[in-house]
Amino acid sequence: SILLFLILFSTKYNNPFEPIFRFLFRLPLISMLRSPEKMFIFLPFFYIFLISQILATNKSKILRALVGILILVSLSYFMGDSATKYFTSPRKGYKYAINIPGEYKEFSTDVNTTKKSTTVISLPYSVKNSINWSNYPKWNFVGHDILHLLFDRNYISANVFDHPVLETNMTFRNLWKNSECCGDDYIEKSFDRFGVEYVIWHKDIDMGRLQENLPVYEMLQNSVKNGFIRKIEDNGYFEAYKVSENKIQPLIFAEKAEVTFKKINPTQYIVDINGLKVGDRVVFKQSFNPEWQVYLSKETVGNCFENYKYDTRETVECLSFSDDFVLTDVGYIFKKPLRLEHTMVDEYANSWVLDETNMNIIKNLDSTEINEDGSVDTSLVIYFRPQSLLIIQYLLLVFTLIVSTVLLIFRSRKKSKELII
């Protein structure tokens, strides 16, 4: 009955259910079930529940053996050639299971050898059926761009809004609509805004979109001539470019002070700032969210095995980081952040401005050094506060699992004793 309900649910707005579903699909999270492809992600969980109920309520050894055989047959089916045939969709040549071309994997391996917190950007704008989706018909893919999984740094697709939640602007869709709208240096300014180091120009998109973007491609080639970028790879799927070292913008910088920062993990950064004054602005090129908070820190960046100096700003990045989430991050739930003016810049990024009240708080910190000109040298932490809540949830999950296991063992032993008696 549950499976039947889900199948009916996937009919979306088709009659006679249209009035009901128009209401239901406006509810939070229900939009996940708006098509069969999305609904059937829950199918394995349904089968796990069904099989567990069968095994729990029926003690027949024959039935249990049949269930085990069914599972083995299913695994062999999906591990063999049948899976490839099954996952091939006749609709427009796309597939439900795809293999990312090796050229992308090799390129990402080269990019990931350096640990700078810079951005890979995917061009051009090539939406065919849905905003935020990418289409790569050459290797049978349509959907949210999975290439970001290959890179250990920020990845921006031209098919996605500059701010993925606010959805207010799409920089490269504007350019696709009218390449004469924005000036010859529009691409270079856009790369600065997003802190781009690597550019992927796709050849594997819809040929119609590729032709429409020829003016944008010419602008990209002008940036090559100007020395802003250089081509580093060209194959049947894409062209790759690298921004010149003296043009790369850092992830974190201050408009006037000197900054050294270190990435602890994607939700936490330590920032040493020298020469910070009242009115100075600190910029953090991640999608704006009020939950990004700035905390005072007694811990500094410290010594690094490898540093990278950005020529465009007075900024140094420590390239040694663990990329781990630690239990001590739970403490940020109880820490009080600095109440700085937190605003959005570049239509997507975070920035904080230091006022007199918070300057006095910073000066009272033992680890802060006060300079003769009234500026300070101090250390701060930029942290995404909801991560602490996620860690607490993990701890509760582990605690629940341990307690449940202990209770299950205790009950099974109790029943064994009763049977013996």
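Tutor: We can, keeping in mind that this is a predicted model. The second largest pocket has a volume of about 640 Å³, and 23 residues line it, with Tyr155, Ile156, Val160, Pro164 and Ser287 lying nearest its centre. Two elements give two or more residues to that lining, namely β4 (154-157) and β11 (281-287).

Student: Which element gives the largest share of the lining of the second largest pocket, and how do its residues divide into nonpolar, polar and charged?

Tutor: The largest share comes from β4, with 4 residues. The lining as a whole divides into 9 nonpolar, 10 polar and 4 charged residues.

Student: What makes a space a cavity and not a pocket?

Tutor: In a cavity a 1.4 Å probe fits but cannot get out, whereas a pocket is an open set of points. By this rule there are 4 cavities of 30 Å³ or more. The largest cavity holds about 100 Å³ of space, and among the 14 residues lining it, Val282, Val294, Leu340, Trp352 and Leu380 are the closest to its centre. The elements giving two or more residues to this lining are β10 (268-276), β16 (349-353) and β18 (376-384), and β10 gives the most, with 3 residues.

Student: Why is helix α9 (residues 186-194) called largely enclosed by the rest of the structure?

Tutor: The label rests on a count: a residue is buried when its relative accessible area is under 20%, and 7 of the 9 residues of α9 are buried, so the helix is largely enclosed by the rest of the structure. The buried residues in α9 are Tyr186, Ile187, Glu188, Ser190, Phe191, Arg193 and Phe194. The helix is followed by Gly195, whose phi is positive, near 65°.

Student: What joins Leu123 and Pro124, and where is Pro124 placed?

Tutor: A cis peptide bond joins them, with omega about 0°, and Pro124 is in the loop between β1 (119-123) and β2 (134-136).

Student: How do you know that Lys203 and Asp234 form a salt bridge?

Tutor: The cut-off for a side-chain nitrogen of Lys or Arg and a carboxyl oxygen of Asp or Glu is 4 Å, and the side chains of Lys203 and Asp234 meet at 2.5 Å, N to O, so the pair is a salt bridge. Lys203 is partly exposed at 27% relative accessibility, and Asp234 is partly exposed at 43%.

Student: What makes Lys189 and Asp185 a salt bridge?

Tutor: Their closest N and O atoms are 3.5 Å apart, which is within 4 Å, so this pair also meets the definition. Asp185 counts as partly exposed, at 32% relative accessibility. By this rule the count comes to 16 salt bridges.

Student: Why is Lys242 called buried, while Glu245 is called partly exposed?

Tutor: Lys242 has a relative accessible area of 9%, which is under 20%, so Lys242 is buried. Glu245, at 34%, falls between the cut-offs of 20% and 50% and therefore counts as partly exposed. The two form a salt bridge, their closest N and O atoms being 2.5 Å apart, and salt bridges that share partners join Lys115, Lys116, Asp152, Arg153, Glu197, Lys242 and Glu245 into one network.

How values were computed:
Residues are numbered from 1 along each chain as its sequence is written. This is a predicted model: local features need pLDDT of at least 70, side-chain atom pairs count only at pLDDT 80 or more; totals for chains, interfaces and linings use all residues. Side-chain values use heavy atoms; hydrogens and water are left out. On a 1 Å grid over the protein atoms alone, a cavity is a set of points where a 1.4 Å probe fits but cannot get out, and a pocket is an open set with protein on both sides within 12 Å along at least five of seven lines; lining residues have an atom within 4 Å of a point. Grid points are joined across faces, edges and corners, and a volume is the space filled by probe spheres set on the points. Ala, Val, Leu, Ile, Met, Phe, Trp, Tyr, Cys and Pro count as nonpolar, Asp, Glu, Lys and Arg as charged, and the others, Gly among them, as polar. Buried means under 20% relative accessible area, exposed over 50%, partly exposed in between (1.4 Å probe, protein chains only).
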